[in-house]
Amino acid sequence: MNKAMYVGRIVRDVRRNNVGQNGRVVNNVIAINHYQKDANGERRADFIPFSAWNHLADLLHNYTAKGHQIAITGKMQSRKYTDSENIDRYVIECLVEELTLLQSRDSDGSKQKQTDNNQVEQNQSADIQIDEESIRAVMN
C-alpha cells in the first residue's frame, strides 16, 4: 500500500505551470514541524516535495500562498527527468490525490484562519469547474 498524509505549511510561492495542451501542475514543498524539540531546544521540520495536477493545481494556485497551512493525501512516487543542463535528476515526491485547505486567502491576499476543513477530492473521471464564489461559500 502506498498512502501518505501530511499537514504542514507551503514552503515556496505557489506557481502553476502548463503541461501539454490541457495539463496544469503545481510543484512545491510542504514543511512539517516536529512536535519534540532537538537537543538544542529547537524544533526541526521535514520538507516533503509534492505535485498537484489539474484542478488541484488550480485550487492551490488560486486559494493558497506561501506559508498557508494545508493537508494533503496522496502517494509517494519517484521519477527521473533531465534538466536544462542535460543532467539527469531524480525526485521523490508526494503525488497529491486529496487536498484540504486549512487556511484561505481572502480578496486582499491576507491570511485568514479556517474553522472547518474544506476537503476537495481529485476525481479522475470528471472535469470539475469551481469558481471563486463557490469556494468562498464552502469556506465560510
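In this predicted model, the protein chain contains two helices and seven strands. Read from the N terminus, the elements follow the order β-β-β-β-α-β-β-β-α. Of the 140 residues in the protein chain, 37% are buried. The accessible surface of the chain amounts to about 9400 Å², and carbon and sulfur atoms account for 44% of that area. Among contacts with a separation of 6 or more, 56% join residues 24 or more positions apart.

Helix 1 spans residues 54-63 and is mostly covered, with seven of its 10 residues buried. These buried residues are His55, Leu56, Ala57, Asp58, Leu59, Leu60 and Tyr63.

The largest nonpolar core comprises 21 residues, and those touching the most other members are Tyr6, Ile30, Phe50, Leu60, Ile70, Ile72 and Leu99. Two or more core residues come from each of strand 1 (4-10), strand 3 (23-37), strand 4 (43-53), helix 1, strand 5 (69-82) and strand 6 (88-105). Helix 1 makes the greatest contribution to this core, with five residues.

Beyond residues up to four places away in sequence, leucine 60 touches Ile10, Val14, Val26, Phe50, Ala52, Ile70 and Leu99.

Glutamate 93 belongs to strand 6, and alanine 4 to strand 1. Their relative accessible areas are listed below.

| Residue | Relative accessible area |
|---|---|
| Glutamate 93 | 3% |
| Alanine 4 | 7% |

Why is glutamate 93 classed as buried? Glutamate 93 is buried because its relative accessible area is 3%, and the class requires a value under 20%. The side chain of glutamate 93 makes a polar contact of 2.9 Å with the side chain of serine 51. Leaving aside residues up to four places away in sequence, glutamate 93 touches Asn27, Pro49, Phe50, Ser51, Lys75, Met76, Gln77 and Arg79.

Alanine 4 likewise counts as buried because its relative accessibility is 7%. With residues up to four places away in sequence again left out, alanine 4 touches Ile72, Thr73, Gly74, Met76 and Cys94. Alanine 4 and leucine 95 are separated by 91 residues in sequence, while their C-alpha atoms lie 9.1 Å apart in space. Met76 is touched both by alanine 4 and by glutamate 93.

Technical notes. Residues are numbered from 1 along each chain as its sequence is written. This is a predicted model: local features need pLDDT of at least 70, side-chain atom pairs count only at pLDDT 80 or more; totals for chains, interfaces and linings use all residues. Side-chain values use heavy atoms; hydrogens and water are left out. Helices (H or I, at least four residues) and strands (E, at least two) are DSSP runs, numbered from the N terminus. Buried means under 20% relative accessible area, exposed over 50%, partly exposed in between (1.4 Å probe, protein chains only). Contact means heavy atoms within 4.5 Å. Accessible areas come from the Shrake-Rupley method with a 1.4 Å probe; for residues, only the protein chains shown count as cover. A nonpolar core is a set of buried Ala, Val, Leu, Ile, Met, Phe, Trp, Tyr and Cys residues joined through side-chain atoms within 4.5 Å. A polar contact is a pair of N or O atoms within 3.5 Å; within protein, one must be able to donate a hydrogen and the other to accept it, and residues adjacent in sequence count only if both atoms are side-chain atoms.
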